[in-house]
Amino acid sequence: MKRIVVVVNPEKKKKLESIFEYMQVGGVIISNIQGFGNQKGLTQQFRGNEMRLNYISKIQAETVVPDDRVEELIEDLLDELQTGEYGDGKIFVYDVCDVIRIRTGERGEQAL
């Protein structure tokens with residue numbers, strides 16, 4: 001099993017949700033976060049003054065999927081979210097050793 005963490009701009013939240021729905025991925029956590037990547041923030045003009053925003057609002061989505069669905073999910077995420085512009089976001093993939101459903105005690109992929 002793999003834990004997939006996707007960090008994107010808030011405007012892409014609906015696309016992200018539709019991808020998870022289309023792929024029939026259950027157990028998704030979506031959080032509002034702030035951070036910066038290679039750009040080191042953002043500079044904007046406000047009433048004639050330059051303002052530096054060190055942290056940019058982002059959406060972080062997390063889910064755990066069986067190993068055989070990881071590549072298909074990543075391909076769909078890239079197809080829908082990739083624009084080729086700075087700020088497209090990142091996809092992180094982590095190994096998951098075990099999952100336990102507290103209610104039933106099920107373990108592994110059965111607990112997903």
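Contact here means that heavy atoms lie within 4.5 Å of each other. The model shown is predicted, so that local features need pLDDT of at least 70 and side-chain atom pairs count only at pLDDT 80 or more, whereas totals for chains, interfaces and linings use all residues. Residues are numbered from 1 along each chain as its sequence is written, and side-chain values use heavy atoms, with hydrogens and water left out.

**The sheet has four strands in the order β2-β5-β1-β6.** These strands form an open sheet with antiparallel pairing, where two strands pair if DSSP finds at least two bridges between them. Helices (H or I, at least four residues) and strands (E, at least two) are DSSP runs, numbered from the N terminus. At the edges of the sheet are β2 (29-35) and β6, each of which pairs on one side only. On average, neighbouring strands are turned by 25° against each other, with direction ignored. β1 and β6 are joined in the antiparallel sense over six bridges, and in β6 the bridge partner of Ile4 is Val93.

**Helices α1 and α2 lie across strands of the sheet.** α1 lies across β1, β2 and β5 and runs at about 5° to β5, while α2 lies across β1, β5 and β6 and runs at about 5° to β1. For these angles, axes are lines fitted to C-alpha atoms, for helices over the stretch in contact, and angles run from 0 to 180 degrees between N-to-C directions.

**The largest nonpolar core has 16 residues.** Such a core is a set of buried Ala, Val, Leu, Ile, Met, Phe, Trp, Tyr and Cys residues joined through side-chain atoms within 4.5 Å; buried means under 20% relative accessible area, exposed over 50%, and partly exposed in between (1.4 Å probe, protein chains only). Within the core, the residues that touch the most other members are Ile4, Val6, Leu16, Leu73, Leu77 and Leu81. At least two core residues come from each of β1 (2-8), α1 (13-22), β5 (56-65) and α2 (70-81), and the largest share, five residues, is supplied by α2. When residues up to four places away in sequence are not counted, Leu73 touches Ile4, Ile19, Phe20, Met23, Val25, Thr63 and Val65.

**Helix α1 has a buried side and a face turned away from it.** Leu16, Ile19 and Phe20 are buried in α1. Seen down the helix axis, the buried residues of α1 fall within an arc of 95°, so they line one face of the helix; the arc is that of the directions from the helix axis to the C-beta atoms. The cover over these buried residues includes β1, β5 and α2. On the face turned away from the buried side, α1 carries the exposed residues Lys14, Glu21 and Tyr22. Just after α1, Gln24 takes a positive phi of about 55°.

**Lys2, Asp67 and Asp95 are linked in a network of salt bridges.** A salt bridge is a side-chain nitrogen of Lys or Arg within 4 Å of a carboxyl oxygen of Asp or Glu, and by this rule the count comes to six. Lys2 and Asp67 meet through their side chains at 4.0 Å, N to O. This pair links distant parts of the chain, 65 residues apart, with Lys2 in strand β1 and Asp67 in the loop between β5 and α2. Between Lys2 and Asp95, the closest N and O atoms are 2.3 Å apart. Because Lys2 lies in strand β1 and Asp95 in strand β6 (residues 90-95), the pair ties together parts that are 93 residues apart in sequence. Lys2 counts as partly exposed at 22% relative accessibility, as does Asp67 at 44%, whereas Asp95 counts as exposed at 61%.

**Arg107 and Asp98 form a salt bridge.** Their side chains meet at 2.5 Å, N to O. Asp98 is partly exposed, with a relative accessible area of 31%.

**Arg3 is a residue of strand β1.** At 30% relative accessibility, Arg3 counts as partly exposed. Leaving aside neighbours within four places in sequence, Arg3 is in contact with Glu62, Thr63, Val64, Phe92, Val93, Tyr94 and Val96. Arg3 and Ile74 are 71 residues apart in sequence, and in space they are 12 Å apart, C-alpha to C-alpha.
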